[in-house]
Each structure stands twice: as C-alpha cells, then as structure tokens.
Amino acid sequence: MTPTGSKASLDELLLMREIENFLYREAELLDERRYEEWLDLLSDDVAYWMPMRRNVKYGEWEQENTRPDVDMNWFDEDKGTLALRVRQIRTGVHWAEEPISRVTHVVSNVRLLEATPSLEQAGEVKIACSFIVYRNRQETETDFLVGRRKDTLRRAGDSWQIARREIMLDQNVLLAKTVTVFL
Amino acid sequence: MRAAVGSAAHGKFTGNLVDVTTGMISREIFVSDEIYKRELEQVFARAWLFIGHESQIPNPGDFFSSRMGEESVLLTRDRQGQIHVFLNTCRHRGMKVCRYDQGNTTIFTCPYHGWGYATDGKLVGVPYFREAYHEKLDRPKWGLVEVAQMENYKGSIWASWDPDAPAFSDYLGGMRVYLDLLLDSRDGREGDAEVLGGIQKWIVPCNWKFAAENFVGDAYHAISHRSVDTVGIAPGGKGRTDDGTTRPKRYAVSFPDLGHGTNTTIQMLENEPYTPIYPNVSELQDYLKREYEERQQRLGNMSRLLGSASTIFPNTSFQPRQPRTLAVWHPHGPTKTEMWRFVFVDREAPEKLKDLVRRYHELSVGPVGMTEQDDMENWVYATSASAGTIARRYPYNYEMGLGGGQPSDFPPGLISDVPSEKNQRGFYGRWAEFMDASGWSDLYPKRVGR
C-alpha cells in the first residue's frame, strides 16, 4: 500500500518512528566511524548507487543521471566493494582519509513512500530522505555533500537492513577532491 | 635557487626555474599567478589538447561540452557529419551558447539576445536582422570561433588554437604507439574503442602539473597506494591491477623533445601464453584468450608492449589497459584544477566484460576511486606547500636517474630503468621551452621522435 501522508494512522506513525530511528542510528554509526557495524546494516544483496548528474535540456530527463549497470557512476557498488572501502580506511595508510575526517550526517525530510505488504506488517519499505553530510579534515578542508536519497529497507529481525540505496548528490562537477565518506 | 620570475637569467622568461641538467625545479612554477597566466598563452593556446571521442557524438547534431585551458568549447557533429570544435561563447556579447553537458540540436541559441548558430558554427539567426541591423551585419564573419586545427585520431578528437602548430601526428611523434594502446582494440585492430557514458569531473585544489607529471612517469610513488595494494581491488583480488603478464619488465620511456612520457610494461617473450584477466569470470575466458592471441598474431613483437601511465604534453594523461582511461587536467588557476576522466572499452566487447570494466573503474579511478583518492591528497598538499615564502626558496629534487636514458627500438623511445625521473625532466624541459618560445617556429621542427 502507499501511504497518503494526509491523515496518518497510528500504524504509520509507529512505522515512521521506527524508520527514522533506524536512519539516525545509521548516521551515528558512520559519524562514530563504526564502519563494520554500518556494513551489518546492509543486506548481502545491497545495491548502492550514486549517479553523476548532467546538465541537460529541459525535458531530456532520461539523460540527466548516469544509469546503473550501463554508464560510469560515482558509486554502483555491492556489499563486497563497500567492505573493501572500509578495509582501506582501516589500513591507516589511506592518505585521503588519514588523518581521518570529522563527519556529521544530517538526515531529514524522511518520507514513507511504500510499505509492503501493509503498514501494519511492513516487511519492506521504500523511503525518501534528504541529507547533508559535512566533512572536515586536516586544518580547514571542508566539504558539504547535499542531496536526496531513496532507500529500500527490509525488515531483519528486530531491525531493518538497507537493500537498495539511490543517492542523488546535487553536484555536476564534484566539488570535493575525494569522496571517502559513505552517504 | 631563488628564481625571480621573469628574470633575465639565460635571457629566458623561465630563467633558472627549470634546470633539467641538474634536476632542480622551482616551486614557483606550481603557485605563481604570473607563471600561470603565461602558461595559458604559451602552453594551452599553442599545444594540441584532447577534446573528446567521436563515440560521444555519433549522430548529426550531437554535441559534447568540453574544455580547452580555462575555456568552454563545444565538440559538435554538424548535419553533414563533420566534426567541429568551437569556443562556447556568443560573438555578440559572450554568453555561453550552450550550457548543457551533451545532447543533440540543430541550433545553439544564445539566451542573451538570441543569436543562433548552427552545429557547423555558422551564424544563422540574428533577431531584428532587418529592423535593427538593416541587413548590414556580415553574418559569415560572425560565426562561432573555431579552433585553428582539429584532428580525429582513431576516434579521439584533438585541437589546437595555433595555426602554426605542427600536424598532430608530428606533435605526438614516437608517443603514438603508446596512445594506440588506449585507442586500438585489445585484439590489435586499429581504433574501435568507445567511451562509456559518464565523464568524471571534479575540482582539486592543486596545480595541474602535479597530475601531469605523476602520469608522465612517476613509478616511485608506491607508498601513495599502499592502502589499496593491501586491500586489493584488482579483478583477481590482489593489488590494484592484474592485467599484465607473468614476466613483466618496466621501462620509463621519454620523448623529451616533445614533452611526452610513459612508463611501459613489456612482456619478455613474444609468444608468452595468455595470463587470465578477470580470472574469476570463467564465461569470459574464451573471449579474452582469443583476443589475446589475435593481438599476438596481428602485432607480432609489438604485442609485447603493454603500456602504463602516460602523459601527452601538456595536460592529457592516460592508462591504456587496466585502468583504461584518459584524463585531462584542465587548469583553473595556479592552485586549482578541474580533472576529467574518460573510461574506454572495446566497442565490440561482450556486455558482461563492459560491465566488469565499468565496475572496476568506478572502484579504482577518480575522486571516488580507491586508488586515485590517495594521489589527490598528495597533489593538494604538495601544491599548498609550494606557496610558502620560505618554502619557495627551496627547489624540488628531480635528480633521480640524472643523465640516464638511451635510445631504443623496443620499447620505442628514450628508455630508462624504473624508477627514474628522466620523464619528468623531459616534461618540464619542454614546458620551459614553451614558456620561453615566441612561437612554434622556436618549438618545431626539432629532433623528433626520441
């Protein structure tokens, strides 16, 4: 079913609260550099995608984002390659993250797009949110990575797992010299 | 070596900024505004620069927005199928006539006053042409500014603003065989590569030459990549790449008269058997083995040439196999560079292989790539450290392998054992020649090829 958002039921409020808590918990793990615990929040078949964004003529929206599985993307990864990135930071000689960045994830505008099979017994949800990721490292190096996400979350025991994440970073030419943080 | 910019030492602008005989290079050249402004005129307005690839504009009316130096240019295919490169600015008041990254159009209409240009650059639309200009505007004279020279080399598009620049093939000289490794098919057939959709573009606060010199022949920076080597991202699971050979030998190959350079891997034997690439993907092994053997048959001894990181003077770098990319280091000021990355693949490769190639590059190159992130860190902080009042008094050391290098037929060029800084000295020696020359008559012809 698709929630309308106009008049929320108690079930919807409870589900939303649960999802928000999950997203805030995820942000906390990343900000506290608990990357291995963050990896545990990803399903084994997770798809993690961040396209490049093009300037295109009005209406030619199909060309605006690079396509997963076809074009070069900023990220088009699975759990295995995300785990490699975590291991790279853990070597202590990944110079782009050594010394390590100070990072804060702000997650907001959380919306429930779809719950299946039902709000009352949601086993999988599609959600949307906005993010601001602030990254500061060395003395003055500062990046703001701002955009929107669409996540598919799957219930896993008492919690949730991220099964799919689409990240729309609102930049054309990437203004950060590197992206060594998870979004 | 406190080199005063513009001093008359040796009667040259560069004075003793670059001394390739002693291997001393001033930090000034990485941070000085004056030097940078001169580079835009003396280097970027003269040299052959990479624009794009014809696979990006397959149909009439297709365009791709690129850059030359600091300026925006349009790569177009006109209605007759001819390829052009234009400055992306209206001749009337300068507004960009195209602000899209790519697309297809019949006309570029300036959003300011409405002058319209066809994809062949002709001025075809002028609002109030009769009422306001009384039909006296000489429209043929006011088309888009087109480059002085353009070359389509095996699908790669290059251009120069200087009508006196030598033909692209002469500019490339002996470096051609190494560029061919990028542009030719892996089975040895000429050309037939394509660029994957999605050009990486990112801003790095560093001088463009740090990137160019890293690719021209720096085989010394192993520690930069220790983390990725430890983790292993190659398709086979170990190191950065496994697209090689069981008996590799590496050389630095320099073309100091032209400024180009490469580190190349060669195979020791002409009939060396196939070493599996993407060894875990059994379904591709027949294709990859056949491709490898066809390459040996077609190229013979030259099939032993595998290539590696390379720079074509001034700001085009590439790696021909794994990774198989071309990078352009667009200058944005002395301490700022816009980096672009194009990923190449054989047009006829199986979709499965294209997918693996794509994923490998997403993981490896550019600002999100596990290998290259660590390069950027070094270039950024090397740039800022070049600016210090005290630091600037101390030149950089390019002494490694000083005086070395010997002419070679295979691998072709002036070769040195690696690591060596022969290639970097060649690059900066040529840079100084460009900075001092009054024009191409001072720069070419030279002793070309070696």
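Me: On what basis are residues and values reported here?

Reply: Residues are numbered from 1 along each chain as its sequence is written, and chains are lettered from A and ligands numbered from 1 in the order in which they are written. Because the model is predicted, local features need pLDDT of at least 70 and side-chain atom pairs count only at pLDDT 80 or more, while totals for chains, interfaces and linings use all residues; side-chain values use heavy atoms, with hydrogens and water left out.

Me: Why is Gln56(B) called buried?

Reply: Buried means under 20% relative accessible area, exposed over 50%, and partly exposed in between (1.4 Å probe, protein chains only). Gln56(B) has a relative accessible area of 18%, so the residue counts as buried. Its position is the loop between strand 3 (49-53) and strand 4 (62-68) of chain B, where helices (H or I, at least four residues) and strands (E, at least two) are DSSP runs numbered from the N terminus.

Me: What makes Phe64(B) a contact of Gln56(B)?

Reply: Contact means heavy atoms within 4.5 Å. Leaving aside neighbours within four places in sequence, Gln56(B) is in contact with Phe64(B), Val195(B), Ile199(B) and Phe342(B).

Me: Why is strand 5 of chain B described as largely enclosed?

Reply: Six of the seven residues of strand 5 (residues 71-77) are buried, so the rest of the structure largely encloses this strand.

Me: What joins strand 5 of chain B to strand 6 of chain B?

Reply: Five bridges link strand 5 to strand 6 (residues 83-87), again in antiparallel fashion. Leu75(B) stands opposite Val85(B) of strand 6.

Me: What makes the link between Ser310(B) and Thr262(B) a polar contact?

Reply: A polar contact is a pair of N or O atoms within 3.5 Å; within protein, one must be able to donate a hydrogen and the other to accept it, and residues adjacent in sequence count only if both atoms are side-chain atoms. The side chains of Ser310(B) and Thr262(B) are joined at 2.8 Å, so the distance lies within the limit. Ser310(B), found in strand 18 (residues 310-312) of chain B, is buried at 1% relative accessibility.

Me: How many residues and how much area does the interface of chain B and chain A involve?

Reply: The contact takes 40 residues from chain B and 39 residues from chain A. Buried area is the accessible area (1.4 Å probe) that two parts lose on being put together, summed over both; here the value is about 3500 Å², of which carbon and sulfur atoms give 55%. Glu362(B), Val368(B) and Glu377(B) supply 16% of the area that chain B buries against chain A, more than any other three residues.

Terms used. Two strands pair if DSSP finds at least two bridges between them.
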